[in-house]
Amino acid sequence: IEGDRAFRARGGYKSLLDMLQQQVVKVGVEIRTSTVVRRIEWKPGHVSIDASCSKRPVSLECSRALVTVPLGVLQARSGDAGGIDFSPPLPQEKSDSIAGMEMGKVLRVVLQFQERFWEHLSPSASSARTLDRMSFLFSQDDFFPTWWTAIPDRFPVITGWAPWRSAERLASEDVPVVTHALRTLGGLLGVATTEMERLLEIAYFHDWQADPFSQGAYSYVKAGAASSPEILGRPVKGTLFFAGEAADITGNNGTVHGAIASARCAVAEITKLRRASAAD
């Protein structure tokens, strides 16, 4: 999967979402944003979905449903914010597969500066080179051990990544996330925190595990549960289908392309069943 290469979509993931939206609208798919699914009642060949949009109830019915919510949402208990209640409950094998995986904790911060100040910095006092082409920055910092720039684009933006224990530490600290980020990055680059604060234009951050509609950033399999992604991706009674990065079985779990690939497989199964039903 070319894991030794770092690349990104120009314009960010919005360009991918726009492309996918254009494709599905062309074939008559209706997209409902800001709609939260609360309950799925199902029996073979029929699905009823209870949801809400702007605090108004929404009811939908169909013969088959494709569930693509994050693993953390599937793991949420009934009544939890963002959780979905299945009635009847999912088969035990499916529930065990969901329990056999875990959601990784991540907090990401994006710092936009007035200028690319690091292009004037040198990696060491004896080096004539600068950090102009800096792509990634790794350290053993307790809070933000990983950073990356927008290279090959030359935007004055640096992104910080706080995984697992780092995200837990940040959640337990009274110091604001952005303050921690500026201290860490300034320390790694040898720039005073006051100067970092002066250069900062705006900051954004997202805590995925605190988001009720993700409850984590990406999935990974627990020890002894290697079959969980494959079982998660199996349809239930030809009625409920599951997709998402947690259901990927090609080694691309935790990635956007893994999520898309699993959804294509599920849609192919649904299409095959629809055609078979039409033929009967």
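**Backbone and cores**

Start at S54, which sits in the loop between β2 (46–53) and β3 (56–62). Keep in mind that this is a predicted model. S54 has a phi near 55°, a positive value in a residue other than glycine. K55 is in the loop between β2 and β3 as well, and its phi is also positive, about 70°, although K55 is not a glycine. Are these residues buried or exposed? S54 is exposed, with a relative accessible area of 62%, and K55 is exposed too, at 83%.

Next, the cis peptide bonds. One runs from S87 to P88, with omega near 0°. P88 lies in the loop between β5 (85–87) and α3 (92–99). Another runs from I151 to P152, with omega near 15°, and P152 is in the loop between β9 (146–149) and β10.

Now the interior. In soluble globular proteins, nonpolar side chains tend to be buried together. Here the largest nonpolar core has 24 residues, and those with the most contacts inside it are F113, F144, W147, L185 and L189. At least two residues each come from β7 (106–113), β10 (157–163), α4 (164–172), α5 (177–189) and α6 (193–199). Which element supplies the largest share of this core? That is α5, with 5 residues.

Take W147 as an example. Leaving out residues up to four places away in sequence, W147 touches, among others, V109, L111, F136, I158, A181 and L185.

Finally, there is a second, separate core of 21 residues, including I84, F86, M103 and L240.

Note on methods: Residues numbered from 1 in each chain as written. Predicted model: local features only at pLDDT ≥ 70, side-chain atom pairs only at ≥ 80, totals over all residues. Heavy atoms only, no water. Core = buried A, V, L, I, M, F, W, Y, C linked by side-chain atoms within 4.5 Å. Buried < 20%, exposed > 50% of the residue type's maximum accessible area, 1.4 Å probe, protein only. Helix = DSSP H or I, 4+ residues; strand = E, 2+ residues; numbered from the N terminus. Contact = heavy atoms within 4.5 Å.
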